[in-house]
Amino acid sequence: MNIIEVDHLKRIFKANIGIIRRKTKEVIAVDDISFEINPGELFGLLGPNGAGKTTTVKMLTTLLIPTSGTARIFDKDIVKDADDIRSQIGFIFGGERGLYWRLSGIDNLRYFATLYHVEPEVSKKRIPYLLELVGLSDRGKEKVEGYSRGMKQRLHIARTLLHDPEVLFLDEPTIGLDPVGARETRQVIRDLQEEKKTILLTTHYMFEADALCNRIAVINHGKIIALDTPEALKGHVQDLSVIEVEVYGVPPDTVERLKSFPFVDLVSVEDRDQKQALRVHSARGSEIIPDLLSALDGIRVGRVSVHEPTLEDAYVRLVGAAT
């Protein structure tokens with residue numbers, strides 16, 4: 001039996017527009033999506049900002065009521081059986097909210113254990129275990145105000161696990177963390193996988209999804225446009241090579257010109273400090289480099305490299321095709 005079953009789920013918001021003549025506009029945040037998540041699976045939900053990821057998670061965690069469609073967790077309806085579901089799931093937002101900074105890590109967990117109705121004799125054993133799980137056993141007596149952002153996020157995870165939920169919803173858990181904090185948080189997620197927790201993860205980081213997820217759904221404009229394993233999704237770009245060129249200030253008209261080349265499938269630009277990474281997808285691989293450099297004449301160019309496409313390249317192709 002699937003732990004989570006989503007069937008034609010839809011959520012419409014009403015937004016007021018205009019200043020003098022105010023009008024009501026309907027915004028479809030989630031548009032008729034369906035999927036299922038198996039027991040013990042780590043399921044990724046990827047998409048650009050505003051695609052519908054967080055709205056989907058809020059419906060599944062009973063924080064929002066769907067406009068139409070249904071979803072079931074443990075075969076319980078997210079609307080009719082909301083109270084039962086809440087006692088069996090855990091929900092982790094990215095960010096630092098939801099902790100008492102002037103209390104120690106241990107005291108935070110003791111407080112939240114009472115809110116979760118965890119019996120004192122259970123929490124007495126569970127709190128040390130959770131601090132060990134998230135790598136905070138030696139910092140539990142310190143006030144949270146002295147924690148790094150990554151440590152606070154790991155304490156969030158420990159808090160969410162106090163009542164030992166079977167299902168976890170992780171909404172961008174590594175957003176805003178430094179590389180060390182993000183790596184430590186990903187290790188905690190791997191440890192939770194080993195405990196056979198069922199996890200729904202939203203993230204903007206493709207390498208993170210590739211490393212952690214069993215299956216991934218790509219959502220854009222409220223619709224699921226692809227759903228498969230990371231390896232199968234990368235199959236969408238197996239016919240391409242990616243040429244990456246370091247550039248220093250590439251004009252938009254040059255990017256548009258590159259897109260018009262018949263041998264170019266896709267072009268993207270990523271800012272990296274004082275330079276940009278110009279990524280060009282083409283089936284012809286390295287043989288197009290002279291043409292690219294010619295088109296970039298007059299622009300300062302750094303390193304040029306060719307590599308196999310990644311999950312990020314597949315994501316860009318999928319989202320670009322659906323835009």
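# Exercises on a sheet and its helices

Helix α5 (residues 149-160) lies across β6 and β7, running at about 165° to β6. Contact here means heavy atoms within 4.5 Å; angles run from 0 to 180 degrees between N-to-C directions of lines fitted to C-alpha atoms, for helices over the stretch in contact. Helices (H or I, at least four residues) and strands (E, at least two) are DSSP runs, numbered from the N terminus.

This is a predicted model, in which local features need pLDDT of at least 70 and side-chain atom pairs count only at pLDDT 80 or more, while totals for chains, interfaces and linings use all residues. Residues are numbered from 1 along each chain as its sequence is written, and side-chain values use heavy atoms, without hydrogens and water.

**Exercise 1.** State the order of the strands in the open sheet, and find its edge strands.

*Solution.* Step one: the order of the 6 strands is β6-β7-β8-β3-β9-β10, with mixed pairing. Two strands pair if DSSP finds at least two bridges between them. Step two: β6 (89-93) and β10 (223-228) each pair on one side only, which makes them the edge strands.

**Exercise 2.** In which sense do β3 and β8 pair?

*Solution.* Step one: locate β3 at residues 42-46 and β8 at residues 198-202. Step two: over 4 bridges, their pairing is parallel. Step three: opposite Leu45 stands Thr202 in β8.

**Exercise 3.** Which strands does helix α1 lie across?

*Solution.* Step one: α1 covers residues 53-60. Step two: the strands are β3, β6, β7 (167-171), β8 and β9 (215-220). Step three: α1 runs at about 150° to β8.
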